[in-house]
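Hi everyone, thanks for coming. Please take a moment with the sequence and the structure, and then I'll walk you through a few places in it.

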Amino acid sequence: MAVNAPVEIDRTRIRELTEREGTKLDERTGGSRAMYERARRSLSGGVASSYQVREPWPIYLTHGEGQRVWDVDGSEYLDFHNGFGSMTQGHAHPVITRAIAERAALGTHFAAATEDGIAVAEELARRFRLPKWRYTNSGSEATMDAIRIARAHTGRDVVLKIFGSYHGHHDTVMDSIGVEYDRIGDRDDLASLPYGAGIPQAVVDLTVPVPFNDAGAMERRIERLAEGRLPACLIMEAAMMNLGVVLPEPGYLEAVRELTSKHGIVLIFDEVKTGLTVAAGGAVEHFGVVPDLVTLAKTLGAGLPSGAIGGTDEVMACVEDGSVFQVGTFNGNPLTMAAARASLYDVLTPEAYEHLHHLNERLLEGCGAVVEQYRLPGYAVGIGAKGCVTFSPVRVIDYETFKAHQDGELTELSWLWNMNRGIFATPGREEEWTLSVQHTDDAVDRYVGVFEELAAELTS
Ligand SMILES: Cc1ncc(COP(=O)(O)O)c(C=O)c1O
């Protein structure tokens with residue numbers, strides 16, 4: 001992961017290539033354009049979620065199978081996007097489609113618990129070393145409920161979060177994300193800013209951001225809050241997955257664990273992205289640090305809407321005694337639970353994780369070798385099924401270094417380049433690839449080959 005002395009990339013060249021590749025993508029996606037014209041008349045912005053918006057139009061898909069997806073123009077892609085990191089099982093995995101079909105024939109919803117939901121909780125408890133579980137229908141619901149549980153458990157209101165970290169779309173955590181560099185604020189007093197309109201200032205004032213990878217800054221901030229504003233919880237990703245991939249520095253997570261325990265702050269690892277992808281037991285297993293609460297979603301449902309909260313007996317007691325209403329009509333939906341059970345027991349097996357690690361190593365090494373050879377300003381970084389090439393001349397360790405150094409133009413070009421060469425890549429400069437158990441060595445080698453073509457073109 002060493003950052004080599006990079007060549008200076010000609011900015012005009014990046015812009016020329018971006019324009020050329022953008023035109024090429026537009027010309028190839030006339031079917032998506034037509035679908036967008038139709039969609040925007042009834043769907044706001046032509047999409048189901050603002051994260052699906054793309055200028056000049058989104059790419060609409062028809063189907064997926066294994067490691068591939070197809071768009072409405074009939075173009076085939078190797079899928080490294082995998083539904084924003086949800087499809088670690090790959091598309092239409094026969095074990096999952098069978099489990100869904102069998103369950104569908106038996107009824108899909110009762111708003112009553114089923115045995116599948118118990119089996120899923122048992123396996124999650126084993127993997128994440130936390131005994132008590134509840135379900136939700138998305139990652140946002142999981143982090144929202146986890147924060148409420150932490151507030152009830154501690155009797156406190158303030159929420160500590162990592163600056164720049166995304167935890168879903170509810171008010172408390174739509175805070176201090178995507179902030180321009182000059183508004184970040186002083187390291188020891190980072191700005192709490194709403195992410196988008198419609199978030200009450202009173203809620204923003206309850207969220208306090210601190211920098212990633214800096215236990216000292218966290219400790220100073222907690223000490224300043226000690227008089228009457230001690231936080232209920234710290235919500236964080238153990239490895240940040242919404243700034244590309246940013247790994248914790250050695251000792252950081254252990255220091256955070258110690259600090260939060262010392263001040264009675266509930267430590268929540270948001271494993272919506274890391275859980276079930278970086279290891280069978282997510283970041284808890286990978287880094288060996290056990291929080292008080294874990295939130296899951298994405299990969300858990302094997303392509304169906306899902307979410308879960310796991311916790312210690314002590315913290316989850318407020319759910320069990322009825323003081324916190326952790327509720328939802330579709331929580332533990334039988335169809336989702338059948339898919340999750342088949343996924344956990346029969347797809348995401350120890351052998352599957354060996355395969356994912358093998359593929360990711362191959363991909364990271366391949367991309368790293370291209371970076372070295374062409375002396376690109378960047379480095380390859382990842383764990384488990386996830387990784388990326390971060391275009392930055394220095395290593396990104398937190399939001400501030402990301403904002404100061406990540407090359408947004410190069411990241412955008414790289415996405416267009418991939419899309420025009422059959423690689424369905426995750427859009428957005430904060431994203432990374434997610435591999436599936438159905439990916440092959442050939443697919444990974446193709447990714448590296450396409451990246452090398454870009455490197456050659458950029459430096460020729
Ligand atoms: C770390 C993290 N937490 C929570 C969420 C919210 O999950 P959802 O989109 O399922 O509500 C996301 C979504 O990308 C995420 O990356």
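Let me begin with a definition: a charge sits over a ring if NZ of Lys or CZ of Arg is within 6 Å of the ring centre and within 35 degrees of the ring normal. Our example is Arg-421, which lies over the face of Trp-417, at 3.5 Å from the ring centre. Before I go on, please keep in mind that this is a predicted model.

Staying with rings, how many aromatic pairs does the structure hold? There are 9 aromatic pairs. Take Phe-163 and Tyr-399: their ring centres are 5.2 Å apart and the planes stand at 55°, so we call this pair tilted. Phe-163 sits in the loop between β5 (159–162) and β6 (185–186), while Tyr-399 belongs to helix α14 (residues 399–405), so the pair ties together parts that are 236 residues apart in sequence. Phe-163 and Tyr-399 are both buried. Elsewhere, ring pairs join Phe-80, Trp-433 and Tyr-447 into a cluster. Hold on to Trp-433, please; we will meet that residue again.

Is Asn-213 buried or exposed? Its relative accessible area is 14%, and the cut-off for buried is under 20%, so Asn-213 counts as buried. Its side chain reaches the backbone oxygen of Leu-247 at 3.2 Å. A polar atom of that Asn-213 side chain also lies 2.7 Å from the backbone nitrogen of Glu-249. Among the residues that Asn-213 touches are Pro-248, Tyr-252 and Ile-397.

There is another open sheet, with 4 strands in the order β1-β2-β3-β15 and mixed pairing. Its edge strands, β1 (61–65) and β15 (423–424), each pair on one side only. Strands β2 (residues 68–71) and β3 (residues 76–79) pair in the antiparallel sense over 3 bridges, and Val-69 stands opposite Tyr-77 in β3.

My last stop is strand β14 (residues 386–390). Here 5 of the 5 residues are buried, so the strand is largely enclosed by the rest of the structure. In a regular strand, side chains alternate between the two faces of the sheet. In β14 both faces are covered, with Lys-386, Cys-388 and Thr-390 on one side and Gly-387 and Val-389 on the other. β14 forms a hairpin with β13, with 2 residues between them, and Gly-384 in the turn has a positive phi of about 60°. β14 also pairs with β16 (residues 433–434), antiparallel, over 2 bridges. And here is our returning residue: Trp-433 in β16 is the bridge partner of Gly-387.

Technical notes. Residues are numbered from 1 along each chain as its sequence is written. This is a predicted model: local features need pLDDT of at least 70, side-chain atom pairs count only at pLDDT 80 or more; totals for chains, interfaces and linings use all residues. Side-chain values use heavy atoms; hydrogens and water are left out. Rings of Phe, Tyr and Trp (its six-membered ring) pair if their centres lie within 6.5 Å; planes under 30 degrees apart count as stacked, over 60 as edge-to-face and the rest as tilted. Buried means under 20% relative accessible area, exposed over 50%, partly exposed in between (1.4 Å probe, protein chains only). A polar contact is a pair of N or O atoms within 3.5 Å; within protein, one must be able to donate a hydrogen and the other to accept it, and residues adjacent in sequence count only if both atoms are side-chain atoms. Contact means heavy atoms within 4.5 Å. Two strands pair if DSSP finds at least two bridges between them. Lists of a residue's contacts leave out its neighbours within four places in sequence.
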